[in-house]
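Please read these points with the model open beside you. They are meant to be checked one at a time.

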Amino acid sequence: MAKKTTPMALLCGYLGAGKTTLLNQILTNQKGYKVAVIVNDIGEVNVDAKLIADGAKVTDTSSIVPLTNGCICCTLKTDLVTNIENLIKSGKYDYILIEASGVCEPMPIAQSLMQVSNGNLDNVIGVVDAKRLVDEFAGGDSLLKKDMDEENIESLLVQQIEFCSTLVINKKDLVTEDEFKKVRAVINAIHPGVKVIETDHGKADIADMLATGSFDFETVYASAGWCQKLEEEEDDDDDDDDHDEHDHDHDEHEHGHHHDDDHDHDEHDEHGHHHHHHEHKHDGDSGADEDEYGIATFVYYRRKPFNRQKLDSFADKWPRNIIRCKGLMWFDDEPDMAWVFETSGRQIQAGYSGQWIAACPPAEQKKILAENPRIKDEWDENVGDRMIKLCVIGQNMDKKAITEALDGCLA
């Protein structure tokens, strides 16, 4: 008989989104669960731990474990796992909730939680402030008034929306009906199909939070808007055939305008190279899908490499109305290597994804092509499997101008 595991839920969301309020709602309405809570605060004093204890009127404060002076998505990863395993070993709790700091990215925390002995990650709950989403995305002008160190807020909001199995849109009462429709349009572009709970003051049904069994890493990762759009493009071009993939290790190298150096590059990003059919519309530009609120998505596709200096220069002028951009690319001065290009908000980064098949030794290349004969049909006689393929998501974008600007970065 398989050993019983303890379910865990991760609660993420930017500062002020309403995570602590939601957590207090859960703790005061546990419906038979014995819940332990781990709270992460960047400061030396964990303010949230006291708020949770007071707000939920918790008498046994040993059920609340504060992790302070660090971030559980990087510097406190080991402490997080150790504390959870100790709570599980105690046998006192049948559910564990982790409230991440407002500046945490959820993916690396989820990866750590999946390593917990006798634990299983049941749900990743993202909490977003509807009013803030209106200001950051639907309006946009407010970003121009913020200090430089605020620029990564938009990036964090994207990450927290994109990587969750349940998304709570809080503070619905602070926006108009039309503004809320814009918020839903943005969320649908970033994470189409995610389970959404609309609320104010964190009032949500506990059944939608605990014991949902809704989290699966691969499913959540692949459900991001950029990922779905690229898959749709592949399906359209390949008549729904399966895609071949050649795996390589993801090296820890980064390039470009990555303004979050304290965080590790995503370990789960593209570990291989996806091979695409090469008959694309409009010389490689798919039509932009746009809704009534100006939220649009399109795929930029080229078989030429970027020039590193030109792309760096364009990154300094990256359009603010691009909410998300991600995909594969290559540089003319390093033609053997595939890169993952990624932006969210004003944060722009690139990391090695591995080696193109075209750059492999002849014997290995022959073996790969023999095992995956469809690649021969897709193979470009000049560049092999090398390509640039980026999904671009934004609001009121000038697709023609963005495409021309990216074309201007080609070697």
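Predicted model: local features only at pLDDT ≥ 70, side-chain atom pairs only at ≥ 80, totals over all residues.

1. A disulfide is a covalent bond between the sulfur atoms of two cysteines. Cys-164 is a case to look at: the nearest cysteine sulfur belongs to Cys-12 and is 8.7 Å away. The cut-off for a disulfide is 2.5 Å between the sulfur atoms, so Cys-164 is in none.

2. Are Cys-104 and Cys-164 buried or exposed? Cys-104 has a relative accessible area of 0%, and Cys-164 has one of 1%. Buried means under 20%, so Cys-104 counts as buried, and so does Cys-164.

3. The chain overall. The secondary structure comes to 13 helices and 16 strands. The chain has 411 residues, and 57% of them count as buried. Its accessible surface is about 17,800 Å², with 47% of that area belonging to carbon and sulfur atoms.

4. Contacts along the sequence. Take the contacts between residues at least 6 apart in sequence: 78% of them join residues at least 24 apart.

5. The largest nonpolar core. In soluble globular proteins, nonpolar side chains tend to be buried together. Here the largest nonpolar core has 62 residues. Which residues have the most contacts inside this core? They are Ile-84, Ile-98 and Leu-113. Helix 7 gives the largest share of the core, seven residues. Apart from this core lies another, of 34 residues, which includes Leu-311, Leu-328, Trp-330 and Phe-341.

6. Leu-113 in detail. Leaving out residues up to four places away in sequence, Leu-113 touches Met-8, Leu-10, Leu-80, Ile-84, Ile-98 and Leu-121. Two of these partners, Ile-84 and Ile-98, are named with Leu-113 as having the most contacts inside the largest core.

7. Helix 7. This helix runs over residues 177-190 and has 14 residues. From its first C-alpha to its last it reaches 20 Å, close to the 20 Å expected at 1.5 Å a residue. Its buried residues are Phe-180, Val-183, Ala-185, Val-186, Ile-187, Ala-189 and Ile-190. When reading such a list, recall that an α-helix has 3.6 residues a turn, so residues three or four places apart point the same way.

8. Helix 1. How many of the 10 residues of helix 1 are buried? Seven are, so this helix, residues 19-28, is mostly covered. The buried ones are Lys-19, Thr-20, Leu-22, Leu-23, Asn-24, Ile-26 and Leu-27.

Notes. Residues numbered from 1 in each chain as written. Heavy atoms only, no water. Buried < 20%, exposed > 50% of the residue type's maximum accessible area, 1.4 Å probe, protein only. Helix = DSSP H or I, 4+ residues; strand = E, 2+ residues; numbered from the N terminus. Expected span 1.5 Å × (residues − 1). Core = buried A, V, L, I, M, F, W, Y, C linked by side-chain atoms within 4.5 Å. Contact = heavy atoms within 4.5 Å. Areas by Shrake-Rupley, 256 points an atom, 1.4 Å probe, with all protein chains shown as cover.
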